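You asked for a quick read of this one before you start clicking around. Here are my notes, in the order I would look at things.

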Amino acid sequence: MAAPPRNISKSRFCVGLQCLRRLWWEIHEPDAPELKPDDRLQAVFDRGHRVGELARERFVGGTLIDFEPWKVGERVDATAAALRAGANVVFEASFAAGGVFAALDVLEKRKRAWTLVEVKATLDVKEQFLPDVAVQLYAARAAGVDVRGAELMHLNRDCTYPDLDDLFVRDDVTDEVEALLPAIPRQIRKMRASLEGKLPEIEPGEQCSSPYDCPFVARCHPELPEHHVSTLYRLHPKRRAEFDEAGFETIHDIPDDVRLSNVAARQVRAVKAGELVVDDGLGEALAAIEYPAAFLDFESINPAVPVWDGCRPYQHVPVQVSCHVVGARGRTEHHDHLANAAGDPRAALAEAVVGACEGVRSVVAYNAGFEAKCLEHLADAVPKLRKPLWSIRERLVDLLPIVRDHVYHPGFAGGFGLKAVLPALVPALAYDDLDIADGDTASTALEALLLAPESIGAAEGRTLRKQLRAYCERDTLALVKLTERLAQLRT
Ligand code: SF4
C-alpha cells in the first residue's frame with residue numbers, strides 16, 4: 001500500500017476516485033513542483049487546519065492520533081490502541097484496510113456504534129466531498145470498526161460574531177455515502193492497478209477544472225493558439241461545441257455572418273483587424289463621471305472564522321482603501337488607509353473614506369459592485385457614518401461596463417478585468433514592478449498582517465504594509481489613467 005506523499009494533504013490522497021493520471025503523478029512524483037503549494041494555497045491549507053482544530057473543541061474529550069500523514073503504520077497502531085483503551089472520540093483515526101489508507105477527522109462513538117465526521121472549512125456540503133467520506137467509511141469498516149453513520153461538519157453561514165457557539169453545523173450524509181459504497185472496492189482495485197502500471201493515458205476534460213483546478217494542467221493541455229475561440233466573451237459551452245464541430249480554432253476562423261453579442265462581435269472585429277476598436281457612445285458614457293471625482297478601491301479579507309462584531313464566516317470585510325481625488329482642473333491628491341493589527345478596523349477606515357470623498361461629485365471604481373458592498377458593510381458597522389457612506393455609494397460610477405460596452409483591444413485576450421485592460425490601454429502603467437500585484441495575494445497578506453501578526457516578524461510586517469499600500473495606490477492611479485485614456489478615445 002502506498003503511503004500518502006509528504007507534501008499533499010491526506011484528503012487528496014484519500015480521494016481514490018479522482019483522475020488516475022493526476023493520482024499517478026501525486027504518488028510517483030511527490031516532489032513535483034506542481035504539488036508545492038504557493039502562498040495562496042498554503043493559506044487555504046492553514047485555514048483548513050485552523051478550522052479543523054476549532055471543530056475538535058466541539059467534542060468532549062477525544063484522543064488525537066498525532067503522527068505526520070506519511071507515518072501510516074504508527075497512525076494505524078495508535079488508532080487501534082485508542083479504540084482498545086475505550087476512547088469515545090478519536091481525532092485523525094487512521095485505517096489501512098480493504099486495500100486503502102484513510103484518515104478520519106473525527107470518529108465518535110454514539111451508544112455502541114461509531115459515526116465518522118468529516119470536517120470542512122466550507123459553508124455547504126458539496127457533492128465532491130462524498131466519495132472521500134465513502135472511502136473513509138469503507139476503510140474503517142474493513143478494519144472491523146462498526147461505523148454506522150457519516151456526517152459532514154462545516155461552517156455555519158448564519159453564525160455571527162461574537163456568538164460563535166453555532167460556528168459549525170453537522171449534516172448527516174449517511175444515505176448518500178452508503179449509496180456510493182458498493183462501487184468503492186472496484187474503484188480501489190482500478191486505482192491500485194493504475195498506480196502499479198505506467199502513467200495512464202487520460203484525455204483532458206471537465207475533471208481538469210472541476211471541482212478543483214488540477215495542478216498538472218500544463219502537462220496535459222496543449223498550449224492554445226492566440227485568440228483561441230475559447231477566449232470569446234461569454235462563450236456558452238454549447239456554442240463552443242458548435243464552433244469546435246465547425247472547425248473554428250481561433251477567432252479569425254469565425255465567419256463574419258455568425259450572430260454574436262455586441263461585446264463578442266466587437267472583440268471579433270478588433271482581433272481580425274489587429275487593432276483597437278472603439279464604438280459610438282463612449283463619450284456619453286464617460287459623461288457620467290463628474291469632477292471633482294474620487295477614484296476608489298478597497299481591499300478586504302474574508303476570514304473563515306469571523307473576528308469582528310456582526311461578521312459571519314467568509315464575509316468580506318474591507319480593511320484597506322486607496323483613493324485618488326481628481327479636481328475639476330485635473331489636480332490630483334492621493335489618500336489611503338490601511339488597518340492596524342489591533343482591534344476592529346472599520347470605524348477608522350470609514351472615517352478615512354468619508355474624509356477622502358468629501359466634496360466629490362462622482363466616485364469611480366472598477367467592477368463597482370464590490371466597492372458598493374464594502375460601503376454598505378461599513379455603513380452597517382459604523383452607524384454614525386451611515387449617511388455619508390450611503391451618499392458615497394450613491395455617487396458610484398462603474399468604469400468596467402463603460403470599457404466593456406464600447407472598447408476592445410486584442411490585448412484584452414477576452415477579459416475585461418483591470419489587469420487585462422490596463423496593460424493594453426495604458427501600457428506605461430503595469431503591475432510587474434510590484435511585489436504584490438493582485439487582489440488575492442493582497443487579501444492573503446492582509447489576513448496574515450491583521451489576524452496573525454505573530455506569524456510574521458515586525459520587519460516583515462513593515463515591508464508587507466509598504467507593499468500593500470503600493471498595490472492599492474496603483475489600482476486607483478490605474479483608474480485615473482485609464483479614464484484619461486478613454487477620454488482621448490471617445491468619438
Ligand atoms: S490536467 Fe486533467 S487529465 Fe491531466 S492529470 Fe489533471 S485532471 Fe488528469
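1. First, a reminder: what you have on screen is a predicted model. Please keep that in mind through the rest of the note.

2. Start with the ligand. Around it you will find Cys19, Arg22, Trp25, Gln207, Cys208, Cys214, Phe216, Val217 and Cys220. Two elements, helix H2 (20-28) and helix H8 (217-220), each give two or more residues to that shell. Sorted by class, the shell has 7 nonpolar residues, 1 polar and 1 charged.

3. While you are there, have a look at Trp25, one of the residues around the ligand. The charged end of Arg219 sits over the Trp25 ring, 4.8 Å from its centre. There is another arrangement of this kind elsewhere: Lys120 lies over the face of Phe129, 4.7 Å from the ring centre.

4. Next, the open sheet. Its 6 strands come in the order E1-E2-E3-E4-E5-E6, and the pairing is mixed. Which strands stand at the edges? They are strand E1 (63-64) and strand E6 (168-172); each has a single partner strand, so one side of each is left without a neighbour in the sheet.

5. Inside that order, take E2 and E3 as an example. Strand E2 (residues 89-97) pairs with strand E3 (residues 100-110) in the antiparallel sense, over 8 bridges.

6. Now the annotated stretch. UniProt, in an unreviewed entry, places "domain: DUF2779" at residues 295-414. In the model, the chain over residues 295-414 is 32% helix and 28% strand, and the C-alpha atoms at its ends are 25 Å apart.

7. Strand E9 (residues 317-326) and strand E10 (residues 332-338) run antiparallel and are joined by 7 bridges. Val325 stands opposite Glu333 in E10. Between the two strands of the hairpin there are 5 residues, and Gly330 in the turn has a positive phi of about 90 degrees.

8. On to the aromatics: how many aromatic pairs does a search of the whole structure find? The count is 8. One of them is Tyr408 with Phe412, an edge-to-face pair at 5.1 Å centre to centre with 65 degrees between the planes. Both Tyr408 and Phe412 are buried. They also belong to one aromatic cluster, together with Tyr233 and Phe416.

9. Another pair, Tyr431 with Tyr471, is tilted: 6.1 Å centre to centre, 55 degrees between the planes. Tyr431 lies in the loop between helix H16 (418-425) and helix H17 (439-451), while Tyr471 is in helix H18 (residues 458-489), so the pair ties together parts that are 40 residues apart in sequence. Are these two buried or exposed? Tyr431 counts as buried at 9% relative accessibility, and Tyr471 counts as buried at 2%.

10. Last, go to Ala365, in strand E11 (residues 362-365). Ala365 is buried, with a relative accessible area of 0%.

Methods:
Residues numbered from 1 in each chain as written. Predicted model: local features only at pLDDT ≥ 70, side-chain atom pairs only at ≥ 80, totals over all residues. Heavy atoms only, no water. Near = heavy atom within 4 Å. Helix = DSSP H or I, 4+ residues; strand = E, 2+ residues; numbered from the N terminus. Nonpolar A, V, L, I, M, F, W, Y, C, P; charged D, E, K, R; others polar. UniProt positions renumbered as here; feature names shortened; annotations may be inferred. Pairing = 2+ DSSP bridges. Phe/Tyr/Trp six-rings, centres within 6.5 Å; stacked < 30°, edge-to-face > 60°. Buried < 20%, exposed > 50% of the residue type's maximum accessible area, 1.4 Å probe, protein only. Lys NZ or Arg CZ within 6 Å of the ring centre and 35° of its normal.
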